[in-house]
Amino acid sequence: MFHKILIANRGEIAVRIIRACKELGIRSVAVYSEADKDAMHTRLADESICIGPAAGAKSYLNIAAIMAAAELTDAEAIHPGYGFLAENASFAEIVGESGLSWIGPSPESMRIMGDKVAAKHKMAEANVPLVPGSDGAVTDVEDAKRVAKVAGFPVIVKASAGGGGRGMKVVHSEASLANAYSMCRTEAGAAFGDDTVFIEKYLEEPRHIEVQVLGDKHGNIVHLFERECSMQRNNQKVLEEAPSPFVDEETRAKICAAGVAAASAVNYVGAGTIEFLMNPDKSFYFIEMNTRIQVEHPVTEWITGVDLIEWQIRVAAGEPLPFAQSDIKMKGHAIECRINAEHPFKFTPSPGTVQLYHAPGGRSVRVDSFLYTGYTIPPYYDSMIAKIITHARDRQKCIRRMQRAIDELVVLGVTTNQELHQRLLANPGFQKADFNIHFLERWLNQMHL
Ligand code: ADP
């Protein structure tokens, strides 16, 4: 096992990883930007090193500074968290070449899954269902028209190197296809340095369902069931739950098997997530794999009892998974609400000093946060400031528990989206689990804000 791990991240995920290190008896090294001198992760870690100015590009994305910090502190492994460098295969390679362990999958797995066209080819080989569309890259407008006709409008033009909901265009008719196609290519080239695009049928009312997988270096890969992540705005998840209230036993067996097949196709090591879109008839299609830990991992931890960060670290150190698929059981229901420092309905960010912070508590409530009273939330990073997770015997009880937990939360001095969650949790459509990926935006539009 490692003696010391450097965490190349900030915020709640850095705190989550430092806590896991402490529980495993591993020393932790935090890296921080000049804006994060007083941040929770900087304070909680055994050692902390400043790696540059506030801007992420100069600190948390600064590979040279992070590698220097690892060398200076004799760290043996690097945990990248999510975001920043977590899906950067070149960084993973540099870490490995420097003789350090990368807490994540191999650079090869990351490269294939980070390139959507390459990933779809791999998935086709592994018999993982794909959204109907182009067979690989679409190289000219005529090709785009041919593919769109076969798939049927609406279609979605996607950048192969896209991510974070960027680089996608929905096209409703042939008249707007040529323009959307060339715009998507130009934008992808400028944003990702790769103008490869492909076309998929645009599914109109799907749910976003994802499968958590965990692999070790000895060829074992298991799944930890699915998560329902359809509550989104601007392709950003707002509330997640496990299991999905829409997925029945038969569909669960199928989608989880597809998740394991997808991970096996790239010899996956560590924690990863295979994202699918599911139609109202429960047919489902692979859209992408995230080769890292996800924000919403706690809901899976709670229904399975598996500490995902602990196992990311253990498998990176070479330990085999001690459980087989049949040992992993699901118990009860878990929900996560993402608390953001932003206006609950206008979504304008609200950085500033927290005058008072009081976290909810009580039975079966977990709070992953980096807030404390007197902390100043810097304006440079993600607006998520806390995750509240509840667990209960069934979904209805879990919702009630979340409602009382959200009501208990007090954050004074900055505006948060607490009221959005209060209203969403009370919404009959949410309570009946009658929703898809458009639910939240349609509901917000109806509010006429
Ligand atoms: P990113 O890597 O940018 O997150 P994804 O491929 O995961 O891109 O897609 C992000 C979101 O875009 C999905 O969760 C879904 O809401 C929407 N989306 C992507 N592909 C399709 C599709 N074929 N039909 C309908 N919606 C889609």
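This report covers a sheet, the helices packed on it and several salt bridges in a predicted model.

## The sheet

Eight strands form an open sheet in the order E13-E12-E9-E10-E11-E14-E19-E17, with antiparallel pairing. Strands E13 (284–290) and E17 (365–369) are the edges, each pairing on one side only. On average, neighbouring strands are turned by 25 degrees against each other, direction ignored.

Within this sheet, E10 (residues 221–233) pairs with E11 (residues 236–242) in the antiparallel sense over 4 bridges. Gln232 has Lys237 in E11 as its bridge partner.

## Helices on the sheet

Helix H11 (residues 308–316) packs on the sheet and touches E9 (207–215), E10 and E12 (270–278). The direction of H11 makes about 40 degrees with that of E9. Helix H12 (residues 395–408) lies across E11, E14 (333–340), E17 and E19 (384–392), and runs at about 140 degrees to E19.

## Salt bridges

The count of salt bridges is 35. One of them joins the side chains of Glu87 and Arg292 at 2.8 Å, N to O. Glu87 lies in the loop between E4 and H4 and Arg292 in the loop between E13 and H10, so this pair ties together parts that are 205 residues apart in sequence. Glu87 is partly exposed at 37% relative accessible area, whereas Arg292 is buried at 18%.

Glu419 and Arg423 also form a salt bridge, with their closest N and O atoms 3.2 Å apart. Both residues lie in helix H13 (residues 418–425), 4 residues or about one turn apart. Separately, salt bridges with shared partners join Glu210, Arg227, Lys237, Glu240, Glu275, Glu296 and Arg338 into one network.

Conventions: Residues numbered from 1 in each chain as written. Predicted model: local features only at pLDDT ≥ 70, side-chain atom pairs only at ≥ 80, totals over all residues. Heavy atoms only, no water. Pairing = 2+ DSSP bridges. Helix = DSSP H or I, 4+ residues; strand = E, 2+ residues; numbered from the N terminus. Axes fitted to C-alpha atoms, helices over the stretch in contact; angles between N-to-C directions. Contact = heavy atoms within 4.5 Å. Salt bridge = Lys/Arg side-chain N within 4 Å of Asp/Glu carboxyl O. Buried < 20%, exposed > 50% of the residue type's maximum accessible area, 1.4 Å probe, protein only.
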